[in-house]
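Student: Please take me through this model by its definitions. I want to know what stands behind each label.

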2 protein chains.
Amino acid sequence: MIDADTVKEAVRQRKAKSESFLGFEYFRFSDDFRDVPRGTAVFQDAVIWGYPHIGRIFVLERGLKEQFKGPFWVEEKVDGYNIRVFRTGDRIVALSRGGYICPFTLDRIGDFIDLNFFEDNPDLVLCVEVAGPENPYIEESPPYIKEDIMVFVFDIMKKNSKEFLPQEEKLRLIERYSLPSVEVFGLFTHEEIPKLKDLLYRLNEEGREGVVFKTKDRRAKYITSYANLSDIRITAKNMLQLPPEYYTNRLLRLVLFMEEEGIERTEHLYEELGRAFVDGLFEAIDQFKREHKVYKTFRCRFHKKENAIALLELLQRTSRHIQVIERGLEEENGMWVLTFDKVFLNMTGLLGHLLGGGLVFD
Amino acid sequence: MIDADTVKEAVRQRKAKSESFLGFEYFRFSDDFRDVPRGTAVFQDAVIWGYPHIGRIFVLERGLKEQFKGPFWVEEKVDGYNIRVFRTGDRIVALSRGGYICPFTLDRIGDFIDLNFFEDNPDLVLCVEVAGPENPYIEESPPYIKEDIMVFVFDIMKKNSKEFLPQEEKLRLIERYSLPSVEVFGLFTHEEIPKLKDLLYRLNEEGREGVVFKTKDRRAKYITSYANLSDIRITAKNMLQLPPEYYTNRLLRLVLFMEEEGIERTEHLYEELGRAFVDGLFEAIDQFKREHKVYKTFRCRFHKKENAIALLELLQRTSRHIQVIERGLEEENGMWVLTFDKVFLNMTGLLGHLLGGGLVFD
């Protein structure tokens with residue numbers, strides 16, 4: 001548990017904030033504070049711990065040897081957003097990584113997960129990746145999800161604890177409740193690294209993001225070159241918003257992945273990388289010339305109109321350097337379809353200055 | 001002039017520093033301070049003003065219209081390092097952009113410039129670009145300089161003044177003393193922008209960096225896509241050292257240059273850009289695996305052995321995050337040839353961590 005004094009002190013230092021949203025009242029840790037990770041939410045009846053940071057290895061063979069002494073589980077890493085789902089009182093809550101209640105996930109989670117799970121397991125928290133072309137947060141989407149979203153359970157926590165259930169127990173619950181989950185490739189030993197390389201070669205070909213390695217007390221992730229290229233391509237329009245090491249890290253990962261997997265540096269790859277950087281920028285310039293702003297349009301489906309309105313309100317309140325503008329909210333085949341734009345204010349401002357003939361001192 | 005109080009206050013605020021090097025004693029402004037630019041040097045008998053920042057336009061046509069109301073001079077921008085040369089007492093001094101006395105330029109400047117210029121013009125300061133494959137500072141070099149260095153006068157200042165001589169007077173002096181200078185393309189009007197676009201297309205094809213536009217009281221620069229690609233290619237090994245906007249700016253410049261010049265987005269260009277980012281990183285990894293460090297080797301020629309030693313000392317004293325290691329100093333055809341390595345400590349450290357299987361939390 002987290003005692004009341006810790007919460008009070010965190011609030012005083014502006015590391016935690018009292019939140020009131022959709023009828024829920026709780027404290028949200030907006031930053032790491034002492035041993036409490038960002039995204040931790042303190043409700044009246046329970047603390048939901050923030051999902052911890054997971055370190056990344058850039059080289060497979062040496063990284064696994066360094067990080068894991070014995071066998072380790074290998075699971076797919078899905079490219080979506082991280083949500084913790086649980087029940088409080090008689091309501092289901094879905095918390096984003098940052099500890100916000102997500103009205104979109106809340107609205108849709110019952111389409112994918114049998115919520116009876118929480119009747120039987122009121123003390124458990126499902127950690128779920130939500131991915132697909134119609135999600136309100138991230139532009140990337142696994143190529144095998146053709147429309148809407150899908151959800152993938154990848155961990156189960158207990159309320160009031162930062163521990164995860166053991167892998168075997170998690171798999172049993174997933175099976176018993178037919179929970180949709182990330183693909184679990186099994187328990188690997190260090191001798192099976194060649195097999196793992198084959199697996200990653202295949203995941204890369206299939207456009208999948210990568211894998212997470214897990215033991216009882218250690219985790220690490222490893223990403224395919226596909227996902228690194230995709231990150232570069234997708235972010236080009238919002239390039240100014242990213243931390244300095246964003247591209248450096250991805251370029252290094254890309255190069256090390258190719259080296260380790262023995263993937264040839266073909267002209268094809270060079271071209272793909274160049275394209276990833278340049279095409280988004282050309283698109284941003286064209287868009288600015290036509291519409292005087294640089295933006296991306298998002299679309300997502302809801303059961304309840306009020307959840308769509310709540311999502312817009314949440315995005316408008318929490319987005320930094322991004323303006324969120326509603327385009328439409330209409331009924332379609334029994335669902336409410338929300339469309340909205342995220343306008344990238346920094347890129348819009350810079351292009352306005354540059355295309356207007358302004359000087360840059362650098 | 002700069003009064004003694006300003007110097008004193010700048011020293012107190014650590015924006016200026018007293019320097020003693022090669023028998024010269026002066027104050028060097030290490031940062032902009034009030035109206036005094038970084039690189040300004042205060043000698044006993046004269047103040048040499050720092051070379052001012054020159055803004056960059058990212059689009060030619062609109063940029064020129066915005067920045068210049070009447071005609072403007074167009075000169076080549078050479079890709080080298082900026083030096084101010086002048087005489088104090090009976091000695092010639094060469095100051096780097098940051099205000100350090102450069103023992104290399106000092107040693108070699110007489111090979112390229114008739115120093116009698118300073119007999120006749122003791123109050124003038126030549127602003128010179130030094131470029132070529134055998135310079136100690138920058139790895140880039142214009143493709144038309146095949147060995148050693150060349151120097152190019154591009155401005156003339158007066159001591160104790162931040163003003164430049166008028167263009168006509170500068171050109172007269174260049175002619176009278178046969179000073180080597182940047183190519184001057186002439187005085188252009190706004191009507192001649194199509195001609196200017198042709199010129200830049202040609203400069204790009206020839207692998208030249210770009211142009212500077214000048215009037216009596218305004219300057220701006222504009223860079224070819226060749227130079228932008230070259231910047232990316234050359235810096236890949238030292239990527240961690242660069243400010244966040246380094247690549248973003250160059251990618252935008254590249255894209256806007258191509259758009260304005262009507263250069264097609266061919267696979268060729270995509271490939272070249274991908275190669276620019278990736279090849280340097282592969283080289284860094286190979287180098288690290290072989291030698292446990294990431295570095296570049298520099299070579300330059302001196303007349304006097306003591307100037308080579310002084311340069312090494314200067315580089316070792318002033319380089320941040322870079323270790324400078326001598327490789328050799330030997331006589332060759334009557335010159336002293338210095339070779340040394342710059343070891344990129346950040347990239348070396350990161351690759352050591354990554355290739356050792358370390359975790360990165362990002």
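Student: How many residues of chain B are in contact with chain A, and what makes a contact?
Tutor: 48 residues of chain B are in contact with 48 residues of chain A. Two residues are in contact if their C-beta atoms, placed from the backbone, lie within 7 Å. The model is predicted: local features need pLDDT of at least 70, side-chain atom pairs count only at pLDDT 80 or more, and totals for chains, interfaces and linings use all residues. Residues are numbered from 1 along each chain as its sequence is written, while chains are lettered from A and ligands numbered from 1 in the order in which they are written.

Student: Which element gives the largest share of the side of chain B that touches chain A?
Tutor: α9(B), with 13 residues. Helices (H or I, at least four residues) and strands (E, at least two) are DSSP runs, numbered from the N terminus.

Student: How does that side of chain B divide into nonpolar, polar and charged?
Tutor: It has 26 nonpolar, ten polar and twelve charged residues. Ala, Val, Leu, Ile, Met, Phe, Trp, Tyr, Cys and Pro count as nonpolar; Asp, Glu, Lys and Arg as charged; the others, Gly among them, as polar.

Student: What makes β5 of chain A and β17(B) a pair?
Tutor: Two strands pair if DSSP finds at least two bridges between them. Two bridges join β5 (residues 56-57) of chain A to β17(B), so they pair. They run antiparallel. R56(A) has V360(B) as its bridge partner.

Student: What about β1 and β2 of chain A: how many bridges join them?
Tutor: Six, and these strands also run antiparallel. S18(A) is bridged to F27(A).

Student: Why is G334(B) called exposed?
Tutor: A residue is buried if 20 or more other C-beta atoms lie within 10 Å of its own, exposed if 12 or fewer, and partly exposed in between. G334(B) has 7 such neighbours, so it counts as exposed. It lies in the loop between β15 (322-332) and β16 (335-344) of chain B.

Student: Where do the domain bounds of chain A come from?
Tutor: From an automatic or database domain assignment. Chain A is divided into domain 1 (49-223), domain 2 (224-278) and domain 3 (292-355). The centres of domain 1 and domain 2, taken over C-alpha atoms, are 24 Å apart. Their contact takes 16 residues from domain 1 and twelve from domain 2. Helix α6 (residues 193-205) of chain A gives the largest share of the domain 1 side, five residues.
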